[in-house]
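Welcome! Take a look at the sequence and the 3D view, and let us walk through a few features together.

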Amino acid sequence: MKVVLQRAKYASVVVEGEVAGKIDDGYVALVGITHSDEETDIDYLVNKTANLRVFEDENGKMNLSLKDMNGSVLSISQFTLYGDTRKGRRPNFMQAAKPDQALALYQQFNEKLRAEGVRVETGQFGEMMDVSFTNVGPVTIILDSEDAKKK
């Protein structure tokens, strides 16, 4: 499972001309799921998302976590994170989980973040979405649950 976190001071997602979700101060989280992902992958990434210290404190140092600053997450399902571009010019998405599996794990990721006390807004799974945000810093962090398995 992969999550790309982009620190944002404002973010919104529009589906079919309607705002589906919006946040102030937090992360835009692009969430990609592969075939072998399971609950331990979700737990690792929820913990990192909620507790990673990349928000500035009163001294301008990145010492605060999302939970510390009572931030929110705009969570967007993103199967293209598993695009393989090693051959040719068109990405191969065979490593992305099938929609039914991906939807269940994506929803579980969002619910576990909410259980951590994080406000979570989402787009609409499987739909074309227009995501707008202001990346602060800019700060972009790539999380991969495979990293936890390498320890």
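The notes below cover a strand pair, some aromatic rings and a charged side chain in this predicted model.

Let us start with strand β5, which spans residues 72-77, and strand β6, which spans residues 119-122. These two strands pair in the parallel sense, with 4 bridges between them. On the way from β5 to β6, the chain passes through helix α2 (residues 99-115), and this β-α-β crossover is right-handed.

## Aromatic pairs

How many aromatic pairs are there? The count comes to 3. One of them joins Tyr27 and Phe55 in a tilted arrangement, with 5.0 Å centre to centre and 50° between the planes. Tyr27 belongs to strand β2 (residues 18-32) and Phe55 to strand β3 (residues 55-56), so this pair links distant parts of the chain, 28 residues apart. Are these two residues buried or exposed? Both Tyr27 and Phe55 are buried.

Another pair, Phe79 with Phe93, is edge-to-face: the centres are 5.1 Å apart and the planes make an angle of 70°. Both residues lie in the loop between β5 and α2, so the pair ties together parts that are 14 residues apart in sequence. Phe93 counts as partly exposed because its relative accessibility is 31%, which falls between the cut-offs of 20% and 50%.

## A charge over a ring

Finally, look for Lys2 and Tyr82. The charged end of Lys2 sits over the ring of Tyr82, at 4.6 Å from the ring centre.

Note on methods
Residues numbered from 1 in each chain as written. Predicted model: local features only at pLDDT ≥ 70, side-chain atom pairs only at ≥ 80, totals over all residues. Heavy atoms only, no water. Pairing = 2+ DSSP bridges. Right-handed = clockwise from strand over helix to strand, strands pointing away. Phe/Tyr/Trp six-rings, centres within 6.5 Å; stacked < 30°, edge-to-face > 60°. Buried < 20%, exposed > 50% of the residue type's maximum accessible area, 1.4 Å probe, protein only. Lys NZ or Arg CZ within 6 Å of the ring centre and 35° of its normal.
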